[in-house]
Amino acid sequence: MLDENIKQNIKKCTRCAICTQNCPIYEIKKDENNCARGLICKLNGYEQGMLSEDEIKKDFKICLMCSKCENNCPSKIKTTKIFGYKNAKFYPSKINQKLFLWLKLLPLKIVYFLNLFKISKKTKQNQNSIFYFKGCVNKAQHKTTFLDKMFYNPDFSCCALPYLAGGDIESYEKARTRNVELIKSSSLTVFDCASCFNTVKEYEELDEINKKKLVFFYDLLSDKKFKLKEKSKYKNKTVVFHKPCHITLEEYRQIKEFLKKIEGINFKELENPDTCCGFGGSYFVFHPLISTKIALKKAKTIKDAKADLILTLCPSCTLGLRYNQIVSLNFKKTLELRDFIEQELIET
Ligand code: SF4
Ligand code: SF4
């Protein structure tokens, strides 16, 4: 049977189907068995003894864990946690979970290894205690970003979304405990990855006061004005922004405001900006066909916008967008917003 927390959560579902309209998997498969409303109905059926574990667990495997259903749910149902805790129940073998995670994180470990000998520059903890939450993929890809130089990087643990998605609740809770302690001791914690931010803001141990300390780095730059560097190759070029599934529409609106103020670029909004890139961490490795179908849909909106540069706010989306540029033969550059600011802009 299901854990009490999950039972209380799924009872709140009103079957409104707003999640269905937003689910990238439903968009491809047109099958309610694989989106949040259908999965919650199945969990209800399981709870009432009408469905067996074997009858429902295969449908959960196809979920991207993108949290789009959760971000749009009027009943505020915590689908990411439900699906993660359910994975722990349906796949209780620690060996399976660890092996699955090891395979998922293998590409990341290779990038870590390749960057092992790069020199890293970090700031020391300062009096105002603003911490930089540098997620695992960013740690692997970049030894130093401009955020390492501006804020103190206390080496947070992984946000633990991969553990949650894989059903390894023990590792999820361990990483969460360490991160909560660090966040509580900070005055602000600054993020540059939508997936890390979205996962951390759902930590149960953080009260509202501590949740208010969590900010994206662009929030701290909102009163500044930027322009392209003299020699930038993006002068008067069309720049689009891919909205990661893990940011809310309000966060997306703030990013658009930030981008519109940059002098020298032609910022253009994508049609259906909320379309997923299809990558979903390592979803692409385990479900290449579905992932590629989603990627091609995204790629079409980028091609239609005649974009010269694609920006985003999640390293996993960056990889997904680079992949979708390859499969759509539209070889445009993808950059994270943080790197675009560092490489191409100066303050006016
Ligand atoms: S949006 Fe929320 S309440 Fe509506 S069907 Fe989906 S899970 Fe249920
Ligand atoms: S997490 Fe994403 S893929 Fe999974 S059910 Fe929700 S919207 Fe669909």
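In the predicted model, Thr292, Ala295, Leu296, Lys298 and Ala299 of helix H17 meet Gly320, Tyr323, Asn324, Gln325 and Val327 of helix H18. By class, this contact of H17 with H18 comprises five nonpolar, four polar and one charged residues. H17 spans residues 288-304, and its axis lies 9 Å from that of H18, at an angle of about 80 degrees. The two helices are therefore roughly perpendicular, since angles of 65 to 115 degrees fall in that class.

H18 (residues 315-327) also lies across strands S7 and S8, and runs at about 175 degrees to S8. These strands belong to an open sheet of four strands, in the order S6-S5-S7-S8, with parallel pairing. S6 (266-267) and S8 stand at the edges with a single partner strand each, so one side of each has no neighbour in the sheet. The pairing of S7 with S8 is parallel and extends over four bridges. Within it, Ile310 has Thr334 of S8 as its bridge partner.

Helix H19 likewise lies across S7 and S8, but its direction is at about 95 degrees to S8. H19 covers residues 337-344, of which Arg338, Phe340, Ile341 and Glu344 are buried. The cover over these buried residues includes strands S7 (309-312) and S8 (333-336). It also includes helix H10 (146-150) and strands S4 (226-228) and S9 (345-347).

A further set of parallel pairings involves strands S1, S2 and S3. S1 (residues 130-133) and S2 (residues 188-191) run parallel and are joined by four bridges. Phe131 has Thr189 in S2 as its bridge partner. S2 is also joined to S3 (residues 214-216) by three bridges, again with the strands running parallel. In this pairing, Phe191 is opposite Phe216 of S3.

Leu188 is located in S2. With 17 other C-beta atoms within 10 Å, Leu188 is classed as partly exposed, because a buried residue has 20 or more such atoms and an exposed one 12 or fewer. When neighbours within four places in sequence are left aside, the contacts of Leu188 are Ile130, Lys213 and Val215. Leu188 and Phe151 are separated by 37 residues in sequence and by 9.9 Å in space, C-alpha to C-alpha.

Ligand 1 has 14 residues around it, with Cys13, Cys16, Cys19, Arg37 and Cys73 coming nearest. The elements giving two or more residues to this shell are helices H2 (18-22) and H4 (36-47). H4 gives the most, with three residues. The shell around ligand 1 divides into ten nonpolar, two polar and two charged residues.

Around ligand 2 there are 15 residues, and those coming nearest are Cys23, Cys63, Leu64, Cys66 and Cys69. H2, helix H3 (24-29) and helix H6 (68-72) each supply at least two residues of the shell around ligand 2. The classes in the shell around ligand 2 are eleven nonpolar, three polar and one charged.

Notes:
Residues are numbered from 1 along each chain as its sequence is written. Chains are lettered from A and ligands numbered from 1 in the order in which they are written. This is a predicted model: local features need pLDDT of at least 70, side-chain atom pairs count only at pLDDT 80 or more; totals for chains, interfaces and linings use all residues. Two residues are in contact if their C-beta atoms, placed from the backbone, lie within 7 Å. A residue is near a molecule or strand if its C-beta atom, placed from the backbone, lies within 6 Å of it. Ala, Val, Leu, Ile, Met, Phe, Trp, Tyr, Cys and Pro count as nonpolar, Asp, Glu, Lys and Arg as charged, and the others, Gly among them, as polar. Two strands pair if DSSP finds at least two bridges between them. Axes are lines fitted to C-alpha atoms, for helices over the stretch in contact, and angles run from 0 to 180 degrees between N-to-C directions. Angles under 35 degrees count as roughly parallel, over 145 as roughly antiparallel, 65 to 115 as roughly perpendicular and the rest as oblique.
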